[in-house]
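User: I am new to this protein. Please take me through it in short steps.

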Amino acid sequence: MGFSVKWRIAAVLSGVFGFVSLGSAQADPYRVGLMLPATGTYAALGTAIENGFRLYIDQREGKIGGRTIEIVTIDDESNPAKATDNINRLIKRDRVDAVVGTVHSGVAMAMVRAAQSTGTLLIIPNAGAAAFTGALCAPNIFRTSFTNWQPAYAMGVAAAERGAQTAVTISWRYASGEESANGFKEGFEKHGGKVIDQLYLPFPNVEFQPLLTRIASLRPDATYAFFAGGGAVKFVNDYGAAGLKDSIALYSPGFLTEGTLAGQGQAAQGLFSVMHYADGLDTPKDNAFRAAYQDAYGVVPDVYSVQGYDAAQLLAIGLEAVDGDTSRTESMYAAMSGATIDSPRGPFTLSRANNPVQTMYLRQVEGLENKVIGIATAALEDPAVGCRM
Ligand code: PHB
């Protein structure tokens, strides 16, 4: 009897301690590292992503799957040379459970490598390099934005359909600029066009004049430009000032006129682009998102805000699927991979490589808006070359 009482006490205690330790693991805050640019040419993009991410967390009153969400931030400056140190600080020093970032694909490359070597969950809310959901794909790496190929290829098709026969591409020379220019070339040439030259300058250089002179002398039907943020504002203004806007159609993967229109004014009016978000979608989900975002931050959201919001939505799907018990990694990632994300851009699913399968909208600048004027390509999936998963 003595034995049995002792045993019962031990059993009760171990049950209590077992419960206490499990309970406290799940009651710990879930720490998310936001690694985004707060300075440099992509600073506005980083701010919009962070705003979108925080908006969703705030709408959930800071708690998901029973876990309080704690956010740690770091300014990556869009500087690939500092990227490894920055991601190591988040994972090793700040001991975050997940990382969300970033804008620049050269910086994101270091984040993907770190996610692979440590197993940390990574959600990419912008950087479009193909490899992240291609050759470097992994079960703990997700993207809520695009591959550079997606809007570029769709824009190439649309440019040919709009009657352009020749085009010149211009972009910063790094993974994303090159992939974007090549994606446009692929879509354009498959539909009968010819890219006659591909021009580059180093990131984040904005001395466009010599290249604009070259475009003027080549006289293509269209220019395709990949620039974003501060660089995009200057490029569109310089293109207009060089007198090219009315004679050589300016096409882009949407980033060229996204979150930039106030600084581009007349020079941007009428420009066409293709992207996975647009103004004027007028759906209940997007209208509610836009009203809440404007309420919280006093500005209208852009594609980067949407990508940040959806990074938080995707994380929430994972956390909820395991009731906050993130030791159940496989179930958490399976729920995320299989999810349909109810995005302001329209619902999207993830490919086998965890990249959005999504609608590409045709847009035209009118005032301060990239107004939707049609669908360029529905349910466009990146081919995920090299992904074995
Ligand atoms: C990228 O580096 O992948 C990148 C940066 C800015 C954009 C789009 C892609 O607007």
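Analyst: First, the labels. Helices and strands are DSSP runs, numbered from the N terminus. This is a predicted model. With those labels, the place of Thr102 can be given: the loop between strand E4 (98–100) and helix H4.

User: Which form, cis or trans, does the peptide bond from Gly101 to Thr102 take?

Analyst: Most peptide bonds are trans. Omega from Gly101 to Thr102 is near -5°. This bond is cis.

User: Which ring arrangement do Trp172 and Phe203 form?

Analyst: The count of aromatic pairs comes to 21. For Trp172 and Phe203, the ring centres are 5.0 Å apart. Planes over 60 degrees apart count as edge-to-face. The planes here are at 80°, so the pair is edge-to-face.

User: How many residues apart are Trp172 and Phe203?

Analyst: Trp172 belongs to strand E7 (residues 166–172). Phe203 is in the loop between strand E8 (194–201) and helix H7 (209–218). The pair thus links distant parts of the chain, 31 residues apart.

User: What is the phi of Arg95?

Analyst: Arg95 lies in the loop between helix H3 (83–93) and E4. Most residues other than glycine have a negative phi. Arg95 has a positive value, near 50°.

User: How far apart are the C-alpha centres of domain 1 and domain 2?

Analyst: Domain 1 takes in 5–146 + 282–354. Domain 2 takes in 149–275 + 362–380. Their C-alpha centres are separated by 31 Å.

User: Which residues of domain 1 lose the most area to domain 2?

Analyst: The size of an interface is often given as the accessible area lost when the parts come together. Here the two domains bury about 1,300 Å² between them, 59% of it on carbon and sulfur atoms. In domain 1, 40% of what that side buries comes from the three residues that lose the most: Thr41, Tyr42 and Phe146.

User: How many residue pairs are in polar contact between domain 1 and domain 2?

Analyst: In contact are 15 residues of domain 1 and 18 residues of domain 2. For polar contact, the count of residue pairs is six.

User: Which helices each supply at least two residues of the domain 1 side?

Analyst: The side of domain 1 that touches domain 2 holds seven nonpolar, six polar and two charged residues. The helices that each give it at least two residues are H4 (105–118) and H11 (303–321).

Terms used
Residues are numbered from 1 along each chain as its sequence is written. This is a predicted model: local features need pLDDT of at least 70, side-chain atom pairs count only at pLDDT 80 or more; totals for chains, interfaces and linings use all residues. Side-chain values use heavy atoms; hydrogens and water are left out. Domain bounds come from an automatic or database domain assignment. Contact means heavy atoms within 4.5 Å. Buried area is the accessible area (1.4 Å probe) that two parts lose on being put together, summed over both. A polar contact is a pair of N or O atoms within 3.5 Å; within protein, one must be able to donate a hydrogen and the other to accept it, and residues adjacent in sequence count only if both atoms are side-chain atoms. Helices (H or I, at least four residues) and strands (E, at least two) are DSSP runs, numbered from the N terminus. Ala, Val, Leu, Ile, Met, Phe, Trp, Tyr, Cys and Pro count as nonpolar, Asp, Glu, Lys and Arg as charged, and the others, Gly among them, as polar. Rings of Phe, Tyr and Trp (its six-membered ring) pair if their centres lie within 6.5 Å; planes under 30 degrees apart count as stacked, over 60 as edge-to-face and the rest as tilted.
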